[in-house]
Amino acid sequence: MDQPVQQVSIGRAMRVIYPALLVAWLAFPAPVRDWASERAAEGFLPQAVLPLFDSVAALSGQLGVSQTMQRLHDQMNARLDERIR
C-alpha cells in the first residue's frame with residue numbers, strides 16, 4: 001500500500017519558525033548582535049541594520065528578558081557541572 005504524502009505548508013512553517021526566532025532573539029540578544037556584527041563585517045549584512053540589533057538588546061535588557069534567560073542559562077550550566085563532577 002502506498003502511504004499518503006504529507007504536505008507541509010510553507011506558510012504554516014513560517015508562522016512557527018519566525019515567532020520562535022523572535023523569542024530567541026529577545027531572550028539572547030547579545031549572541032544575535034554578535035552574529036549580525038560578524039555578517040556585517042563580512043559584507044553579508046548592511047551596516048545600517050546594526051542599530052536595530054542594538055535596540056533589541058537594549059529593549060530586552062529593559063524588559064528584563066535577557067537577564068532572566070541568562071540567569072536560567074547559568075543555573076542550568078551549574079546543574080550540569082555538578083553532575084559531571
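Before we look at any pair of helices, here's what I mean by an axis: a line fitted to C-alpha atoms, for helices over the stretch in contact, with angles running from 0 to 180 degrees between N-to-C directions. And a helix here is a DSSP run of H or I with at least four residues, numbered from the N terminus.

Okay, some ground rules. What we have is a predicted model, where local features need pLDDT of at least 70 and side-chain atom pairs count only at pLDDT 80 or more, while totals for chains, interfaces and linings use all residues. Residues are numbered from 1 along each chain as its sequence is written, and side-chain values use heavy atoms, with hydrogens and water left out.

Let's start with H3 and H4. H3 covers residues 50–63, and H4 covers residues 65–84. Their axes come within 4 Å and cross at roughly 75°. So H3 and H4 are roughly perpendicular to each other, a label for angles of 65 to 115 degrees. Who makes the contact, meaning heavy atoms within 4.5 Å? On the H3 side you'll find Ser60, Gly61 and Leu63, and on the H4 side Val65, Ser66 and Gln67. Sorted by class, that's two nonpolar, four polar and no charged residues. For the classes, Ala, Val, Leu, Ile, Met, Phe, Trp, Tyr, Cys and Pro are nonpolar, Asp, Glu, Lys and Arg are charged, and the others, Gly among them, are polar.

Now zoom in on Ser60, which sits in H3. Is Ser60 buried or exposed? Its relative accessibility is 0%, so Ser60 counts as buried; the cut-offs are under 20% relative accessible area for buried, over 50% for exposed, and partly exposed in between, using a 1.4 Å probe and protein chains only. Skipping residues up to four places away in sequence, Ser60 touches Leu26, Pro29, Val65, Ser66 and Gln67.

With neighbours within four places set aside, Ser66 is in contact with Leu26, Ala27, Pro29, Ser60 and Gly61.

Next pair: H2 and H3. H2 runs over residues 29–42. The H2 and H3 axes come within 9 Å and cross at roughly 170°. That makes H2 roughly antiparallel to H3, which is the word for angles over 145 degrees. From H2, Pro29, Val32, Arg33, Ala36, Ser37 and Ala40 meet Leu50, Phe53, Asp54, Ala57 and Ser60 of H3. The class count for this contact is seven nonpolar, two polar and two charged residues. Notice Ser60 again: it's on the list for H2 with H3, and it was on the list for H3 with H4.

What about H1? H1 takes in residues 10–27, and we can check its length: at 1.5 Å a residue, its 18 residues should span 26 Å, and the end C-alpha atoms are 25 Å apart, which agrees. In case you're wondering about the sum, the expected span is 1.5 Å times one less than the number of residues. At the start of H1, a side-chain oxygen of Ser9 reaches to within 3.3 Å of the backbone nitrogen of Gly11.

Let's finish with a few residues that aren't buried. Arg15 lies in H1, and its relative accessible area of 60% makes Arg15 exposed. Arg39 belongs to H2, and its C-alpha is 25 Å from that of Arg15, at 24 residues apart in sequence. Pro51 lies in H3 and is partly exposed, at 46%. Over in H4 we have Asp74, partly exposed as well, at 42%. Asp74 and Val49 are 25 residues apart along the chain, and their C-alpha atoms are separated by 30 Å.

Technical notes. Helices (H or I, at least four residues) and strands (E, at least two) are DSSP runs, numbered from the N terminus. Contact means heavy atoms within 4.5 Å. A polar contact is a pair of N or O atoms within 3.5 Å; within protein, one must be able to donate a hydrogen and the other to accept it, and residues adjacent in sequence count only if both atoms are side-chain atoms. Angles under 35 degrees count as roughly parallel, over 145 as roughly antiparallel, 65 to 115 as roughly perpendicular and the rest as oblique.
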